[in-house]
Every structure is written in C-alpha cells, then in structure tokens.
Amino acid sequence: MDGILTMVLEEIAASLIMWFSYALIPCLLTDGAAVLPAPQNLSVQSTNMKHVLTWSPVMVPEETVYYSVEYQGEYESLYMSHIWIPSSWCSPTAGPECDITDDITATVPYSLRVRATLGSQTSAWSTLKHPFNRNSTILTPPGMEVTKDGFHLVIKLEDLGPQFEFFVAYWRREPGAKEHIKMVRPGGIPMHLETMDPGATYCVKARTFVKAIGRYSAFSQAECVKVQGESLPLALALFAFVGFMLVLVVVPFSVWKMGRLLRHSCCPVVMLPDTLVTVFLFPFKARP
C-alpha cells in the first residue's frame, strides 16, 4: 500500500514539475516579459490612389501600444535580397492604420507587414494575406460644380492630385444634340466650356482617368444649367442705347472739328502788314 502511494506521489510531483517548466520557459526566453500578441485582420482600403493599411488594435489596459509598418515591393524582393523598408509615415504610429500612399510608387505587388511594441515588448510580424497592387484602387467620379457666368458655361472639378486627368462631356439638351468631350488636367480651377445660346439648357458630366494604372472612373451624374431667354435682348437694347448716345455726342463734334481743320487748311486767314493796308486801301491819300 505504501509503495502504491509513493508511486502516485511521484507521478504528481513529476506532473507539477513539467507544468511549471512549460509555464516558466516562455518567460525565461523573453527575459520575464509577457509576449505581445501580433496585430490581426490586416487590409488595405484604396480609393482614388490613396492607400491606407488598417489592422485590429492590440489592446493592453491603460497602455499605449505603438506599431511599426514595413513594405516590400517587387524590386526589394527580386534585387535587394528580400529586404523590408519602414513606411515613410508609420514607423512608429499609435493608431491602427497607416497611409502608405507615398510608399506605393509602382504598379507592382507590394507585401506589407505590421508588428506591435509596448516598452521592451515586441510582437511577431503580421503580414498582409495577399500582396497589394495599386491598380486595384477604386476610382470615383470627381466632385463637380457647374455654373454660368453670363453666357459662359463654367465647370469646377475636385482636385484629386497630380496623377489625375478629367474627361468632361457637355451638350445642349435637345433631341439629337451632339456630345462634346474636353480633357482637363488640373482640378480645383474654374474652366470655361462653351458659350451658351439664350433660352437653352446645357448639361455636363465628368470622369477621372489615371494614366499610371490606365483606368477610368464611371461618369458622374449630369448637372444642367439654363440660360434665361430675355437676357440677350436686354443686353442688346442696353448696348444699342449706349451706342446711340455716343453717336449723338461724338458725330456732331467730329463734323465741327473736321470743318474747322478743312477751313484752316484751304482758306487760311492772313493778316496784312499796316504798310500794305495803307497802300492798297488808301492809294491817293495826300502825303504831308
């Protein structure tokens, strides 16, 4: 009986020793510091060539966890021994996202990875499941403002950056109207499209184009403006009135001035000397 009890006690002791060993080994390997969990759920949200890497935050009560982001493009992978490069803006960062737009400079697959840091603790790297290529960005139609300046059709487009060009379609709204297309490079600047006819309605729509990836967005919803029909006759009447008043003032003055010039050049007035006046007017006056 004592032998059986002794064996049971030995097994219990061995189990306790093994349990403590498995519990203590990770702590010994990390110098007594708890291991941070790695960030999870990495994904890239990309719209209009703006790329943002996001992940689930690592939660540690009453502590601020920082993150480091690195990327590896085709060049780093093939020609630089698979080195990883720290992101321009996010090494480190406190938020669970990173704007990687300036890091993605070519239309090739990019691998991305993130790790968490808290004091001396560092998590393992988490890598994006599928490499990101900027040609997958979502392109949206540009914001657009259509106005009229007198009889000028004017458009102002959203400024999306130097990589964007815009194709603007405009037409007079009537059966069988021809649609005109104009390419616009800079955004944010009002631009004259067409001189409009009085009483007509003109419509405009636009889409973006990014040459770097060779893709277009869909067209925006058409916006229309109408020119009032009475504006042109009123303007013409005002112009005619001003012209008539100018004619009434300028023409008589010009005729009078021209007459004086002609009379002076053709029939000049000559003043005779006193001696000639005496000789010709009083030839027989007795001398003293």
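Helices (H or I, at least four residues) and strands (E, at least two) are DSSP runs, numbered from the N terminus. This is a predicted model, in which local features need pLDDT of at least 70 and side-chain atom pairs count only at pLDDT 80 or more, while totals for chains, interfaces and linings use all residues. Residues are numbered from 1 along each chain as its sequence is written, and side-chain values use heavy atoms, with hydrogens and water left out.

**Arg113**

Select strand 6 (residues 111-118), where Arg113 lies. Arg113 is buried because its relative accessibility is 17%; buried means under 20% relative accessible area, exposed over 50%, and partly exposed in between (1.4 Å probe, protein chains only). Now show Glu70: its side chain and that of Arg113 are joined by a polar contact of 2.7 Å. A polar contact is a pair of N or O atoms within 3.5 Å; within protein, one must be able to donate a hydrogen and the other to accept it, and residues adjacent in sequence count only if both atoms are side-chain atoms. Not counting residues up to four places away in sequence, Arg113 touches Leu42, Ser68, Val69, Glu70, Trp84, Trp125, Ser126 and Thr127, where contact means heavy atoms within 4.5 Å.

**Thr54**

Beyond residues up to four places away in sequence, Thr54 touches Asn41, Leu42, Ser43, Gln45, Pro96 and Glu97.

Most residues other than glycine have a negative phi, and most peptide bonds are trans. Select Glu62, in the loop between strand 2 and strand 3 (66-72); its phi is near 60°, a positive value in a residue other than glycine. Glu62 is exposed, with a relative accessible area of 82%. Ser81, in the loop between helix 2 (74-79) and strand 4, also has a positive phi, near 55°. At 65% relative accessibility, Ser81 counts as exposed. Then move to Pro92, in the loop between strand 4 (85-86) and strand 5 (97-99). The peptide bond from Ser91 to Pro92 is cis, with omega near 5°.

Select Glu165 in strand 11. Glu165 counts as buried because its relative accessibility is 15%. Leaving aside neighbours within four places in sequence, Glu165 is in contact with Met183, Val184, Arg185, Arg207, Thr208 and Phe209.

Lys178 is in the loop between strand 11 (164-172) and strand 12 (180-184). Lys178 is exposed, with a relative accessible area of 62%. With neighbours within four places in sequence left aside, Lys178 is in contact with Tyr170 and Trp171.

**The largest cavity**

Select Ile155, Lys156, Leu157, Val168, Val184, Pro186, Gly187, Gly188, Ile189 and Met191, which line the largest cavity. On a 1 Å grid over the protein atoms alone, a cavity is a set of points where a 1.4 Å probe fits but cannot get out, and lining residues have an atom within 4 Å of a point. About 40 Å³ of space lies in this cavity. Strand 10 (residues 152-157) gives the most to its lining, with three residues.

**Whole model**

Zoom out to the protein, which has four helices and 16 strands. Of its 288 residues, 27% count as buried. Among contacts between residues at least 6 apart in sequence, 63% join residues at least 24 apart.

Technical notes:
On a 1 Å grid over the protein atoms alone, a cavity is a set of points where a 1.4 Å probe fits but cannot get out, and a pocket is an open set with protein on both sides within 12 Å along at least five of seven lines; lining residues have an atom within 4 Å of a point. Grid points are joined across faces, edges and corners, and a volume is the space filled by probe spheres set on the points.
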